[in-house]
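Let's take a look at how charged side chains pair up in this model. Here it is.

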Amino acid sequence: MRDAGGMATAAAGPRSWYSRPAARQWECAPPDPEASAFHAGLPGYRPTKLTELPALAEELGVGRVFVKDESTRLGLPAFKVLGASWGVAQVLAASSKPGEAGGAGGLTVAALRRAAADHPVELVTATDGNHGRAVAWMGRLLGLKARVFVPRVVPAEASGAIAAEGATVTVVDGPYDRAVELAAAHAAAGHGRALVQDTAWPGYERVPGWIVEGYGTLLREIDAQLAEHGLPGPDLAGVPVGVGSLAQAVVAHYRSRPPRRGTSPPAVLSVEPDTAACLLASLHNGASWSVPTADTVMVGLNCGTVSSLAWPVLAAGLDAAIAVPDRAAVRAAADLGRLGVPAGPCGAAPLAGARAALTGPGAGGRRDGLSVTSSSVLVLLSTEGQRPATAP
């Protein structure tokens, strides 16, 4: 990891865009689908909506636009519970006797509750909001304690929602990366504590890998929902990026299958706040690169370092990356709300990114690089529901 030094303005001007059309030639192993069977057994599970928005297709000059609305995922306002639940399940299974938490392919809530009662652990994590609430939700579901470290910039409403799930919330003076450091230190300092973190670093990659596997359920739902519309898949997928774990899942999903005859694999566009564009800086510098962060309404994306597990996948398989200002995310959230999709600024970031990439000066070259035409199908991942936000 290299120090960013003067990279505070890495997302400014021409460095707010990165494109590598050849990326779609890269292939990887298919994600493990076992998590989807586990998720289907969680109380309240059902696929979230994939909403078609013709008005956005007309605005962006494409054939069809679909938005995956994660605002109601398992009663929570974000997709994060898919990764957190599978990560917690695997942590308990790994620490239990063979078969105690359910055999291979057979993890169930009932079996996990028994394993948690026999071998109780404190679930520990750091968060900008949604991941921490998801870990706390799993703790409550399984009868386990949870401790969640949050940066002080996290809104009181988000910290309160975590506490309402029964977790102990520790507020940290410093950015998200500092909260991660303190969570890891707390987990390592006592017996019976398990770190369930959604970012990876050298020496800590197994659990984040499970979390990424959990996100695959969202993508398999999209496949099935597009098939209902007679579509084999998107031509472009837009995904918001904090530490990059969801983007890792998206790239792995679409790079693990052969392209349809006569077509290219889907292009993947990542979108970050221009005040915390660590992936964009890393892509420009050709190595994982930490950046200083500043306040943003895209709180869940306010991360200064890409996950070490995500970085090689994104470096090899991502097509393009863009950074957007708060005002663009706020506008996108308001527009999605008017169209019937309740999205917070993080969830609306892919629409803001698609607008910046596909319209305005220089859009022709960017569209060509992404192989986007007037008949293309776009899928935008709206990863969270509405939260209070105002433009700076």
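## A salt bridge across the chain

E59 is partly exposed, at 34% relative accessibility (partly exposed lies between buried, under 20% relative accessible area, and exposed, over 50%, with a 1.4 Å probe and protein chains only). E59 sits in helix α2 (residues 54-60) and R331 in helix α12 (residues 326-338), so the bridge ties together parts 272 residues apart in sequence. Helices here are DSSP runs of H or I, at least four residues, and strands are E runs of at least two, numbered from the N terminus.

This is a predicted model, where local features need pLDDT of at least 70 and side-chain atom pairs 80 or more, while totals for chains, interfaces and linings use all residues. Residues are numbered from 1 along each chain as its sequence is written, and side-chain values use heavy atoms, leaving out hydrogens and water.

D335 is buried, at 14% relative accessibility. Salt bridges link E59, R331, D335, R338 and R355 in a network.

## A buried pair and the whole chain

R255 and D319 meet in a salt bridge at 2.4 Å, N to O. R255 is buried at 2%, and D319 at 1%.

Overall, the structure holds 17 salt bridges. The protein chain has 14 helices and 11 strands, and 57% of its 392 residues count as buried.

Terms used. Salt bridge = Lys/Arg side-chain N within 4 Å of Asp/Glu carboxyl O.
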